[in-house]
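I opened the notebook to look at how the parts of this model touch each other. The entries follow the order in which I looked things up.

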Amino acid sequence: MSDSFNLEIVNPEKLFLSLDNVSEVVVPAFEGDMGILKDHISIISFLKPGIVKVFTGNEVKELYVEDGIIEFSENSLSILTSRIIDIKEIKKDDLSSMINEANEALKDENLDDQKRFIASQKIDVLNRLN
Amino acid sequence: MASLDDLKKRITSVKSTQKITKAMKMVAAAKLRKAQESAEKGRPYSEKMYNIILNLSKNINDKENAPKLLAGSGKDNVHLCVVMTSDRGLCGGFNSNITKKAKSYFKKILDSGKELKIATVGSKGFDQLKRAYKEHIIENISFKESKNVNYFDADKVGKMIIEKFEKGEFDVCTIFFNKFKNVITQIPQKQQIIPLKSDKSENKNDVMNYEFEPEEDEILNNLLPKNISTQIFKAMLENSASEQGSRMSAMDNATRNAGEMVEKLTIEYNRSRQAAITKELIEIISGAESL
């Protein structure tokens, strides 16, 4: 297909996903969701906790990411993230423990605004999944 | 000369040692495969991270206001050395290779009159360094409990380093670890992580013009701490593969040596047994002759 591009998702442990027929990717960029199509301008941005949507043909893959950096250049998109989970594989128990973890983090009074924002964002997204 | 009984005991003892080293070799070989795999799988992440940072730092025009993690604190008076070793011994020269490299670097720092601080990751490095450099060691981290290398452990170390840097406790940070080349060769490495040093040549002119969202420095501020954890994680992965490789070849050698030992002892045992029989025969014969 002519209007598709490459996608690579890596986490510290391994190459999580590598596709070469992606038509669109929606990422939860720090300043708002961002849809990336072919021939997007080269961009570097970072992610907040949220859902990455990968469109290949008629299929949609949804992945939960905790944080990360994206880099798009010459029709190849790389997503680097420390934690990524396929939504279909997420378990209820894990979800609640992750929510608890974020809630704990929020209790810290010395948290700076950015971290506070990220933690509350995380709770938001996880609650929606729950 | 040792008696026959003593020889027999020694042979059994060497044989059981051989059994142990053989088993350890097998275990190391199995673990090595896993560790090697994860070291190789982990490489794309750190490479990509490095490339992005390289691109970013080239796009920063105002070098003076660049984040401190990238540009350094402007001084190089206090050096922090993170020495990464294993938690277990019996792996040949693995740990001493790292500490040897680290020690020669410590000497260089101290000779030039700079202050030295040491953080050890892994208990073996701490054991080897505490005798000579006890007053310099400020931190000793060990991950004995975690079975496999994982990112969260690396992140802990990274956060500790950054916290100390932000408090101004040191100016330059260097990590020491073993890079895994193959089972018999592991190369001790020294890598400077603060300020970030690009070891590749600077004349890469094909830098892309990127769009940044948010601004460059904000991304860099977010990215650089992550990069430190990533580099540490990479070092930990390389280290664990090296450790298993080193242990495997050390145990292989030990097994072979034990085999040689058993052979030698067996020959000695047989000879003395033979000598005893001959002696007995001579006694009987000479006894019979005298009648």
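This is a predicted model: local features need pLDDT of at least 70, side-chain atom pairs count only at pLDDT 80 or more; totals for chains, interfaces and linings use all residues.

Entry 1

Entry 2. I looked up how helix α5 (residues 151–166) of chain B sits against helix α6 (residues 216–290) of chain B, and found an angle of about 130 degrees with the axes 8 Å apart. I therefore wrote down α5(B) as oblique to α6(B), since angles over 145 would be needed for roughly antiparallel. The crossing of the two, α5(B) and α6(B), is right-handed.

Entry 3. I listed the residues of this helix contact. From α5(B) come Y151(B), A154(B), D155(B), V157(B), G158(B), I161(B) and I162(B), and they meet P225(B), I228(B), S229(B), I232(B), F233(B) and M236(B) of α6(B). By class, I have ten nonpolar, two polar and one charged in the contact of α5(B) with α6(B).

Entry 4. I turned to the chains and found 22 residues of chain B in contact with 21 residues of chain A. On the chain B side, two or more residues each come from α1 (4–59), β6 (211–213) and α6. Which element gives the most to that side? I have α1(B), with nine residues. The side of chain B that touches chain A holds 13 nonpolar, five polar and four charged residues.

Entry 5. I checked strands across the two chains. Strand β5 (residues 43–47) of chain A pairs with β6(B) in the parallel sense, over three bridges. Opposite I44(A) I found F212(B), which lies in β6(B).

Key:
Residues are numbered from 1 along each chain as its sequence is written. Chains are lettered from A and ligands numbered from 1 in the order in which they are written. Axes are lines fitted to C-alpha atoms, for helices over the stretch in contact, and angles run from 0 to 180 degrees between N-to-C directions. Helices (H or I, at least four residues) and strands (E, at least two) are DSSP runs, numbered from the N terminus. Angles under 35 degrees count as roughly parallel, over 145 as roughly antiparallel, 65 to 115 as roughly perpendicular and the rest as oblique. A crossing is left-handed if the near helix is turned anticlockwise from the far one by less than a right angle, and right-handed if clockwise. Two residues are in contact if their C-beta atoms, placed from the backbone, lie within 7 Å. Ala, Val, Leu, Ile, Met, Phe, Trp, Tyr, Cys and Pro count as nonpolar, Asp, Glu, Lys and Arg as charged, and the others, Gly among them, as polar. Two strands pair if DSSP finds at least two bridges between them.
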